[in-house]
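This report describes how two parts of one chain meet. Please look over the sequence and the structure before reading on.

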Amino acid sequence: MKLIHTITELREYLATARKAGKSIGLAPTMGALHAGHLSLVDALAAKIPENSEIVVSIFVNPLQFNDPKDFERYPNTLQSDLDALAGTAATVVFAPSPEEIYPEGELTVLITSTGPVAFEGLHRPGHFAGMLTVVAKLFNIVQPDYVAFGQKDAQQLFLVRSMVRDLNIPLEIVVVPTMREADGLAMSSRNRFLDPENRADALALSAALQVAAKEDGVDAALAVATGILDKAGVALDYFALVDPDTFQEVSGDYHGKVLAIVAANVGPVRLIDNLLFELTTDD
Ligand code: AMP
């Protein structure tokens with residue numbers, strides 16, 4: 001596995017691979033890798049021809065942090081990330097410096113035509129412009145045939161899908177299911193900041209999603225889920241049911257495929273989770 005820090009070196013390396021007829025897969029991450037990240041690599045390996053290049057980028061993108069404190073304390077664990085990736089199909093780790101990705105004087109960022117979109121877009125101003133910008137840059141730097149994204153960040157996935165479609169970016173997105181701890185908590189690089197009490201409270205997020213999935217009707221699903229979150233005492237940003245194809249909130253007697261999304265602060269940590277299920281009507 002090759003460790004590369006600069007765009008020039010990565011481009012040269014991948015140009016040679018492309019000339020040799022290899023396909024290229026990319027899994028963008030911010031490091032502090034856990035089993036969920038490693039499953040992105042596994043999903044790429046299962047999808048693309050053998051003997052391809054699988055690039056894992058590790059870059060804590062300053063542009064997508066709306067809270068400077070969150071950025072400062074975001075874990076930086078390159079050596080253990082490299083150790084974790086050594087056992088996977090990853091062939092290249094791209095770990096650029098902030099200056100490599102954002103040389104001084106950059107003027108261009110990517111935003112959606114609707115401006116700050118709901119949910120994460122409202123609660124984390126600037127987050128999605130930062131995310132879309134770095135993802136577009138990584139797509140242009142790596143020029144992958146396949147990219148892997150986790151279902152865990154559902155709204156991010158929705159916006160990346162939209163960007164790929166709207167800007168005609170020639171690649172295929174591989175969607176990877178959310179990896180969870182044995183008790184249901186979605187794996188996240190931020191979970192390490194949960195103390196035992198917060199860790200127990202954090203289970204309310206996945207529990208709320210699970211109970212919502214068993215209810216008939218939008219109102220009943222929302223009521224049971226918010227009941228669980230209230231009881232756990234987490235500071236809820238939102239719990240909502242959206243149409244997975246449009247990310248628009250559903251209401252009334254909507255039924256069919258629905259994505260339940262939740263975000264809450266649990267002690268010092270902001271967590272998100274989601275679950276896709278079939279909502280039936282209550283009549
Ligand atoms: P991050 O390092 O948090 O920016 O995440 C990098 C990629 O890993 C994104 O596509 C995430 O959706 C994905 N990811 C994060 N957590 C999980 C998880 N628990 N299961 C599967 N994929 C995940």
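Across the interface of domain 1 and domain 2 the rule finds two salt bridges, a salt bridge being a side-chain nitrogen of Lys or Arg within 4 Å of a carboxyl oxygen of Asp or Glu. R270 is paired with E120 in a salt bridge whose closest N and O atoms are 2.7 Å apart.

The model is a predicted one, in which local features need pLDDT of at least 70 and side-chain atom pairs count only at pLDDT 80 or more, while totals for chains, interfaces and linings use all residues. Residues are numbered from 1 along each chain as its sequence is written, and side-chain values use heavy atoms, with hydrogens and water left out.

The domain bounds, which come from an automatic or database domain assignment, are given here.

| Domain | Residues |
|---|---|
| domain 1 | 2-176 |
| domain 2 | 189-274 |

The C-alpha centres of the two domains lie 26 Å apart. Where they meet, 20 residues of domain 1 are in contact (heavy atoms within 4.5 Å) with 20 residues of domain 2. The area buried between them, meaning the accessible area (1.4 Å probe) that two parts lose on being put together, summed over both, is about 1,700 Å², and carbon and sulfur atoms give 55% of this. On the side of domain 1, the residues that lose the most area to domain 2 are R73, F119 and F158, which together account for 35% of what that side buries.
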